[in-house]
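Hi,

Here is the structure I said I would pass on. Have a look at it first, and my notes follow below.

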Amino acid sequence: MKETAPNTEQELVIQLSKSSPIAFQQLFDCYSQKIYRFSLSYLKSDTEAEEIVQEVFMKLWETRRNLKSNKSFKSYLFTIAFNVIRKKFNQRMKNERYKHDLFEWLGQEKPSLESRVDFETLLEKLDSLIEQLPEKRKEIFLKRKKEGKSIQHIADEMDISPKTVKNQITESMRFLKKSFNEDDISAMLFYFLFIS
C-alpha cells in the first residue's frame, strides 16, 4: 500500500517517528535551507554549512523514534544544529590553540553582540599583526604560541640557540603589546590570550 503524504508538520513528525522516508524528505525540504543559512551565519563557510545540514538530518534520522509530536520540532532541529555548530567551533579551536583562552573568556562572560564584533575585529587584527613580523620571528612565535612547542624544541628544530628563540619571542610580544595597547578592550583580550 502506498504511503500517503502527511499534511501538517505535526503529522510529519509522527510519521517520521515511525520511520517514514516521505515524512523525512518533506521535513528535509522544509528545513534544510533554513539550517544551511543558520549555519552559514555562524561559520561563514559554504562547505561547513552544508556539512552541518547533513549532520543535523543524520542525527534527526538516528533519533527519530524519540520525537515528540507535542513539542516544537523547529526548536528541536535548531538545537541539534546549534550543538553541531558548537562542536565545529571546538574543532576549530583545537587547530588554533593560541586563541583558546579568548573563546573561553567569551563563553564565560557572555558579552554583548557589540563585544563579539570587537572580538572578531581583534582576531583579524591579531592575524594581520603576526603577518607583519619578520619571517623568522613569525615562525618562532607561531611555533611557541600556536603549536605550543618548548623553547628548547624550537631551538633544536631551527638550529639556533635557546637565547635567540627567547629574544625573538620577546620582540614579537613587545610589538604585539604595543599595537594592542591602543584601547582597553584590546589590551584586556591580549592579556587573556598571551599573559594569563
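**Rings, charges and a helix face**

Arginine 64 lies over the face of tryptophan 61, 4.0 Å from the ring centre. A charge counts as over a ring if NZ of Lys or CZ of Arg is within 6 Å of the ring centre and within 35 degrees of the ring normal. Lysine 34 does likewise, its charged end sitting over the ring of tyrosine 31 at 5.0 Å from the centre.

Before you read on: this is a predicted model, where local features need pLDDT of at least 70 and side-chain atom pairs count only at pLDDT 80 or more, while totals for chains, interfaces and linings use all residues. Residues are numbered from 1 along each chain as its sequence is written, and side-chain values use heavy atoms, leaving out hydrogens and water.

Searching the whole structure turned up five aromatic pairs (rings of Phe, Tyr and Trp, the last by its six-membered ring, with centres within 6.5 Å; planes under 30 degrees apart are stacked, over 60 edge-to-face, the rest tilted). Phenylalanine 38 and phenylalanine 78 have ring centres 5.2 Å apart and planes at 80°, so they pair edge-to-face. This pair links distant parts of the chain, 40 residues apart: phenylalanine 38 is in helix α2 (residues 21-43) and phenylalanine 78 in helix α4 (residues 73-95). Helices here are DSSP runs (H or I, at least four residues), numbered from the N terminus.

Phenylalanine 78 is buried at 19% relative accessible area, whereas phenylalanine 38 is partly exposed at 22%. Buried means under 20%, exposed over 50%, and partly exposed in between (1.4 Å probe, protein chains only).

Ring pairs also join Phe24, Phe28, Phe57 and Trp61 into a cluster.

Cheers

Technical notes: Helix = DSSP H or I, 4+ residues; strand = E, 2+ residues; numbered from the N terminus.
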